[in-house]
Amino acid sequence: MWKARGAAVRVGKSPHGLGLFAAARVRAGAAILVFTCEVVDLEDVLSSGRDECYPLQIGASTYLDLDARSRMVNHSCSPNAGMRSDRFLTALRDISSGEEICYDYSSTMSERRWTMNCNCGDASCRGIVGDFRDLPISQQQHYLRLGIVQSFIVEEFWRAAGVGDPEKTSVAAAGLK
């Protein structure tokens, strides 16, 4: 167990292998973990032979090369945590002691190259994890309102909205109200 940015967490067995769990109750809004890993581009990661599923996208072509601890946070289509300010994993609701901490990987991805099958087991499971733009519009709006979408994706979203596409413009306007 360790104290990670105000929340006590531990690594434990998850249905997905290993996962990060709350070692004590985490209140909604509390920072859980800050990702302080090395900034790299994807080519660096791929040329090193490491798996491309591990880096966390923080810009159009920049990533955090996640360390072993940071890789323990699993995906859920119904997350209890989300990424704020590109690096801060934050509780979206109260998280009970012993509960696995998960975020929606799609809220951090915009690369059109990598997907994974999802087996999160939630009733709302989408079956596949892909880019933010692949999420249902209602889910995009929800995540935008919560402030848990990587800043470069929000910028992409607004640029797309500014080109006059009525569907995207209404989504952008509704999403950030």
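1. Tyr103 and Tyr105 are both buried, where buried means under 20% relative accessible area, exposed over 50% and partly exposed in between, with a 1.4 Å probe and protein chains only. The centres of the Tyr103 and Tyr105 rings are 5.1 Å apart and their planes meet at 55°, so this pair is classed as tilted. Rings of Phe, Tyr and Trp (its six-membered ring) pair if their centres lie within 6.5 Å; planes under 30 degrees apart count as stacked, over 60 as edge-to-face and the rest as tilted.

2. On the basis of the note: this is a predicted model, in which local features need pLDDT of at least 70 and side-chain atom pairs count only at pLDDT 80 or more, while totals for chains, interfaces and linings use all residues. Residues are numbered from 1 along each chain as its sequence is written, and side-chain values use heavy atoms, with hydrogens and water left out.

3. Two aromatic pairs are present in the structure. Phe132 belongs to the loop between β13 and α2, and Phe157 to helix α3 (residues 151–161), so the pair ties together parts 25 residues apart in sequence. Phe132 and Phe157 are both buried.

4. Which loop holds Asp131? Asp131 is in the loop between β13 (128–129) and α2 (137–146). Asp131 counts as buried because its relative accessibility is 2%. Beyond its neighbours within four places in sequence, Asp131 is in contact with Ser106, Met109, Ser110, Glu111 and Arg112; contact means heavy atoms within 4.5 Å.

5. The Asp131 side chain also makes a polar contact with the side chain of Arg133, at 3.1 Å. Such a contact is a pair of N or O atoms within 3.5 Å; within protein, one must be able to donate a hydrogen and the other to accept it, and residues adjacent in sequence count only if both atoms are side-chain atoms.

6. As for the chain overall, four helices and 13 strands are assigned (DSSP runs numbered from the N terminus: helices are H or I of at least four residues, strands E of at least two). Of its 177 residues, 45% count as buried. Among contacts with a separation of 6 or more, 59% come from residues 24 or more positions apart.
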